[in-house]
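I opened this model to look up its cores, its strand pairing and its backbone exceptions. My entries follow.

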Amino acid sequence: MSAASELTPPDIVRCAYLDLVVTDLAASREFYVDTLGLVVTEEDDEAIYLRSFEEFIHHNLVLRKGPVAAAAAFAYRVRTPEDVDRAEQWFAARGCRTERRQGGFAKGIGDSVRVTDPLGFPYEFFHEVEHVERLAWNYELHTPGALVRLDHFNQVTPDVPKGRAYLEDLGFRVTEDIKDAEGTTYAAWLRRKSTVHDTALTGGDGPRLHHIAFATHEKHNILAICDKLGALRKSDVIERGPGRHGVSNAFYLYIRDPDGHRVEIYTQDYYTGDPDNPVVTWDVHDNQRRDWWGNPVVPSWYTEASPVLDLDGNPQPVRERTDASEMAVTVGADGFSYTRKDDRAEGFKLGNSL
Ligand SMILES: [Fe+2]
């Protein structure tokens with residue numbers, strides 16, 4: 001076996017799909033298909049394969065019936081079939097468990113490797129995939145809140161610098177992060193495709209899935225989703241937003257599915273594809289970092305997340321974050337956030353109104 005540092009990492013193209021275990025397939029179908037309008041590529045009694053309107057690969061989300069609501073795999077597409085070999089070797093050299101299946105782990109996907117990564121997350125890498133019809137021009141099918149692309153994953157992990165270093169070794173580039181003056185890192189955004197991220201690391205007890213994010217074309221599409229949820233008397237699935245992020249500059253909405261899995265609807269971040277794309281660092285006390293308009297982050301957004309599974313399908317044990325928590329330093333009696341840096345008189349503690 002080669003030394004880990006000598007191996008070429010796989011050339012990862014983009015985040016491609018999430019394999020998600022849900023406890024009530026019918027309830028999840030109502031949420032993801034009837035309410036959000038994702039397109040069903042294929043379905044049976046055990047699983048539903050969904051894609052967004054601009055997608056041409058078999059699926060972006062698998063809803064798989066199971067006993068424990070959890071994420072079974074964060075799947076990435078790699079550039080060539082040989083990159084699947086590279087992924088298998090790269091993780092094996094780091095002592096990670098790997099499992100290769102020539103026939104894939106999900107319908108519509110060919111030769112794949114799944115690994116338990118150094119942070120405890122189930123990652124999958126594949127190249128071969130069944131092409132399906134890209135419905136980008138089928139506006140007769142689009143709803144006002146049409147979800148057009150899978151944009152990113154977000155993962156909760158206790159040690160963000162460790163996770164960031166590993167993902168940078170794997171070929172990801174950091175686009176933005178949240179730190180404090182003492183050097184604690186609270187979150188980091190990492191990309192392969194030329195957007196702000198394919199995945200983000202949020203500091204907290206983990207490994208856990210924080211959310212999966214789908215993109216709409218424009219901001220008004222997100223408002224249409226909010227209006228639809230209100231009309232259906234389902235406004236209680238809205239957890240946070242709509243709003244504009246500071247980090248990523250994107251417009252956002254967070255909603256929760258019937259199992260509590262968090263879904264973000266996201267649009268209009270910026271191009272990051274140049275090799276010298278500048279990294280944006282936010283102060284954790286900057287009140288506009290997570291919401292550009294200064295609206296408070298709700299505590300559940302910091303504390304609640306979905307379990308992830310090992311390669312046998314068992315929930316991974318969760319390790320506690322020991323670094324300072326972003327919620328503790330910004331929300332509530334012990335927290336402090338400012339709107340104008342060094343303007344202490346006008347600073348206020350987010351969470352006073354919660
Ligand atoms: Fe996100």
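**Cores**

I looked up the nonpolar cores first (sets of buried Ala, Val, Leu, Ile, Met, Phe, Trp, Tyr and Cys residues joined through C-beta atoms within 7 Å). The largest has 68 residues, and Leu18, Leu20, Leu61, Leu63 and Ala71 have the most contacts inside it. I took a residue as buried if 20 or more other C-beta atoms lie within 10 Å of its own, exposed if 12 or fewer, and partly exposed in between, with C-beta atoms placed from the backbone. Two residues are in contact if their C-beta atoms, placed from the backbone, lie within 7 Å.

I listed the partners of Leu18, leaving out residues up to four places away in sequence: Leu61, Ala71, Phe74, Ala75, Phe153 and Ile212. Another core, of 15 residues, lies apart from the largest one and includes Tyr186, Ala188, Leu190 and Val247.

**Source and conventions**

This is a predicted model, in which local features need pLDDT of at least 70 and side-chain atom pairs count only at pLDDT 80 or more, while totals for chains, interfaces and linings use all residues. Residues are numbered from 1 along each chain as its sequence is written.

**Overall**

I counted six helices and 18 strands in the protein. The radius of gyration is 20 Å, close to the 20 Å that the globule rule gives for 354 residues, so the protein is as compact as a globular protein of that length. That radius is taken over C-alpha atoms, and the rule is 2.2 Å times the number of residues to the power 0.38. Helices (H or I, at least four residues) and strands (E, at least two) are DSSP runs, numbered from the N terminus.

The C-alpha trace spans about 60 × 55 × 40 Å along its principal axes. Buried residues make up 44% of the 354. Of the contacts with a separation of 6 or more, 67% are between residues 24 or more positions apart.

**Helix H3**

Which residues of H3 are buried? In this helix, residues 160-169, I noted Val160, Gly163, Arg164 and Leu167. They cover an arc of only 100° around the axis, which puts them on the same side of H3. The arc is that of the directions from the helix axis to the C-beta atoms. An α-helix has 3.6 residues a turn, so residues three or four places apart point the same way.

The buried residues of H3 pack against strands S9 (149-157), S10 (173-179), S11 (185-191) and S12 (199-203). Just after H3, Gly171 has a positive phi of about 110°.

**Strand pairing**

I counted strands as paired if DSSP finds at least two bridges between them. Eight of the nine residues of S9 are buried, so S9 is largely enclosed by the rest of the structure. S9 pairs with S13 in the antiparallel sense over seven bridges, and Val156 has Arg208 of S13 as its bridge partner. S9 and S12 run parallel and are joined by five bridges; here Phe153 stands opposite Thr199.

In S11, seven of seven residues are buried. S10 and S11 run antiparallel with six bridges, and Glu176 has Trp189 of S11 as its bridge partner. The two strands form a hairpin with five residues between them, and Gly183 in the turn has a positive phi of about 100°. S11 also pairs with S12, antiparallel, over four bridges, with Thr199 in S12 as the bridge partner of Leu190.

**His210**

I checked His210, which lies in S13. Is it buried or exposed? His210 counts as buried, with 27 C-beta neighbours inside 10 Å. Beyond four places in sequence, His210 is in contact with Asn154, Gln155, Val156, Thr202, Arg262 and Ala305.

**Backbone exceptions**

Most residues other than glycine have a negative phi, and most peptide bonds are trans. I found a cis bond from Gly206 to Pro207, with omega near 10°; Pro207 lies in the loop between S12 and S13 (208-215). The bond from Gly241 to Pro242 is also cis, with omega near 5°, and Pro242 is in S14 (residues 238-244).

Arg233 has a positive phi near 55° and sits in the loop between H4 (219-231) and S14. Arg233 is exposed, with 7 other C-beta atoms within 10 Å. Ser248 has a positive phi near 80° and sits in the loop between S14 and S15 (251-256). Ser248 is buried, with 25 other C-beta atoms within 10 Å.
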